[in-house]
Structures are given as C-alpha cells and as structure tokens.
Amino acid sequence: MELHGSLNMIGYGLASIGSAIGVGLIFAAYINGVARQPEAQRILQPIALLGFALAEALAILGLVFAFVVGV
Amino acid sequence: MELHGSLNMIGYGLASIGSAIGVGLIFAAYINGVARQPEAQRILQPIALLGFALAEALAILGLVFAFVVGV
Amino acid sequence: MELHGSLNMIGYGLASIGSAIGVGLIFAAYINGVARQPEAQRILQPIALLGFALAEALAILGLVFAFVVGV
Amino acid sequence: MELHGSLNMIGYGLASIGSAIGVGLIFAAYINGVARQPEAQRILQPIALLGFALAEALAILGLVFAFVVGV
Amino acid sequence: MELHGSLNMIGYGLASIGSAIGVGLIFAAYINGVARQPEAQRILQPIALLGFALAEALAILGLVFAFVVGV
C-alpha cells in the first residue's frame, strides 16, 4: 500500500477553510463600506485588520498545533 | 504504511471551520454598521467583541480538548 | 490494493477551498463597488489586492507546509 | 478489495470546489454590475478577469501539485 | 468485502460540486440582470457564457485528470 503523508496536513487544511472564508467576508464588507463612503476608510481600516487578525489566528494556531501534536 | 499524524489535529481543523466563518460574519456586520453610521462605533464595538469571544471560544475549547484526550 | 497517493494533497485541497471562496468574495465586492462608483477604483484596488494576498496566503502556506510535513 | 485510484484526485477535487464557487461569485458580480450600468463593462472586464485568474490559480496549482507529490 | 470502484470517481464528484454551484450563481445573476433590464440581454449573454465556460472547465479538467492519474 503506497498511502503516505501526514494526517496533520488534513487538519491544517480544514482549519484554513474557515479562516480564509472569514477573511474574505471581512474584506468584502470593508470594500463595500469604502465604496459607499470613501471618507470612512480611516475608521474602517483598523476594524478590518483587527477582524482579519482574529479570524486568521485560528489557521495559524492550527499550523503551530500541527507541529506540536505527535508527528 | 507511512501514514502518521494525529486524529486530534483533524478534530481541531473541523472545530475551527465554523468559528472562523462566524468571526468573519460578525466583523463583516460590524464594518457594515460603522460604514453606514460612523458615530455608532462606540456602541457596536463591545457587541462585536462579545460575539467574537463567544464564537472563537469553541475553537479554543477544541485546542484544549485535543491535548486532554489521549494523544 | 492499488490505493496510492499522498494525504498531503488532500490537505492542500481542503486549504484551497476557503482561499478561493474568500478571493471570490473579495473580488465580487470590488466589482460591485466599482460598478456603483467607477471613480472609486483608485481607492478600492489596493484594498482588494491586500485582502486577496491575506486570503491566498493560507493556501500558499498549505502548499509549503505539505512539503515540510513528512512526505 | 478492488478499491483503486489515487488520493491526489480527491485532493484536486477538493481544491476545485472553492475555485469554481469563487469564479461563480466573481462573474455573478460582473453580470450584476454590467446589468446596472452597461457602460461600465469596459472598466469591469479586466477586474473580473484578474479575479478569475487569481481564484482559478489555486485549482491549477493543485493540478500541478498532484503530479509532483509522490504518485 | 465487495467494495469496489475507483477513488478517482470520488475526486471528480467533489470537483463538480463547486462547478455546479458556480454555474448556478452565474446564471442566477444573468436572469436577475435580464429581469431588471430586458434590453441588456444582448450584452449579458456572452458574459454569462464566458463565466459558465470558465467555471465548468474545472470539472472537465477533473474528468480528464481522472483518466490520467494512475487507474
């Protein structure tokens, strides 16, 4: 049987599905907000970056977690 | 057979799909609300952070749970 | 049993689901914003490209990760 | 047991789910934008094609990746 | 165990999930656009068919790919 590879890679793949969709939703809302009120970009940028960091953190945690849990 | 890794990592991956999409939805709604009424940011911020904490808690619980359940 | 291949390929496949949907959401919002206000393209382009890079990064990380974790 | 085939094909299948949905979102926004302002087609076309290329790239990467990772 | 068949068929099945959703999104936007402005059908038809071809290509690639990767 030639099956090889690591189950951790599947775990990381699953973890990054949600993060990437979440980042897409946040930036889509950011773009829509700036398109409606270009002068609001100053207020919206830190909110978008905060949301991005919090959503992306779960995938990065999964990346670190994949190296920690027994390989 | 060269298959290695931990099933716990897959469990964490599944747990974080929903959390990350939820965080994305919450911050997208927060950005849209602030873009429409910039003066409402003071009211919306604690609501968004509360929703973020409740959605993210499930993935963090999964992270802790993966270390507790027999590795 | 003739089953062969690498589990890492499945992990990459999963990782790219979310990234591609996220990129789609970001560009859909970008197109909608430009269609509503063509003069806003100058402001929206860097935001769309920033969001694209941050969402795509998770799939590229998965691509690199697949070569690092034991093949 | 007569099960045969390659796991890489499953990985490619997963990778193309997100890309096809992303392409669908981008062209849906493109069609909506042109339906609202037919004269904006000249500006929207390169944006739609750029987004299409960036979203589709992940599936094509998966196609190439499937031949590289040990078959 | 009488289980037989090819994993490649599962991969093609996964690949066609996204394509079908993407094509559905594109034609839904096409129908919405024509419903709003019936005179715009002449402009929207080639866009819808282009988007349809690009989204469907990923599933057709999967069909071809399933015959190439070791059966």
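## Chains A and B: helix against helix

The axes of helix α1 (residues 7-36) of chain A and α1(B) come within 7 Å of each other and cross at roughly 5°. Axes here are lines fitted to C-alpha atoms, for helices over the stretch in contact, and angles run from 0 to 180 degrees between N-to-C directions. Helices themselves are DSSP runs (H or I, at least four residues), numbered from the N terminus. The crossing angle makes α1(A) roughly parallel to α1(B); angles under 35 degrees get that label, while those over 145 count as roughly antiparallel. Sorted by class, the contact of α1(A) with α1(B) has 24 nonpolar, 10 polar and two charged residues. Ala, Val, Leu, Ile, Met, Phe, Trp, Tyr, Cys and Pro count as nonpolar, Asp, Glu, Lys and Arg as charged, and the others, Gly among them, as polar.

Helix α1 of chain B (residues 7-36) also packs with helix α2 (residues 41-68) of chain A, at an angle of about 180° and with the axes 10 Å apart. That makes α2(A) roughly antiparallel to α1(B). Their contact has 20 nonpolar, five polar and no charged residues.

## What kind of model this is

We're looking at a predicted model, where local features need pLDDT of at least 70, side-chain atom pairs count only at pLDDT 80 or more, and totals for chains, interfaces and linings use all residues. Residues are numbered from 1 along each chain as its sequence is written, chains are lettered from A and ligands numbered from 1 in the order in which they are written, and side-chain values use heavy atoms, leaving out hydrogens and water.

## Chains D and E

Now for α2(D), which covers residues 41-68: its 28 residues reach 40 Å from first C-alpha to last, close to the 40 Å expected at 1.5 Å a residue (that is, 1.5 Å times one less than the number of residues). There's a kink of about 30° in α2(D), centred on Ala57(D); the bend is the angle between axes fitted to the seven residues ending there and the seven starting there.

α2(D) packs with α2(E) at an angle of about 5°, their axes 12 Å apart, so the two are roughly parallel. This contact has 13 nonpolar, one polar and one charged residues.

Chain C gives 40 residues and chain A 38 residues to their contact, burying about 3,400 Å². On the chain C side, Leu7(C), Leu58(C) and Phe65(C) lose the most area, together 20% of what that side buries.

Chain E doesn't touch chain A, with their nearest C-alpha atoms 12 Å apart.

Note on methods
Parallel < 35°, antiparallel > 145°, perpendicular 65-115°, else oblique. Contact = heavy atoms within 4.5 Å. Buried area = accessible area lost by both parts, 1.4 Å probe.
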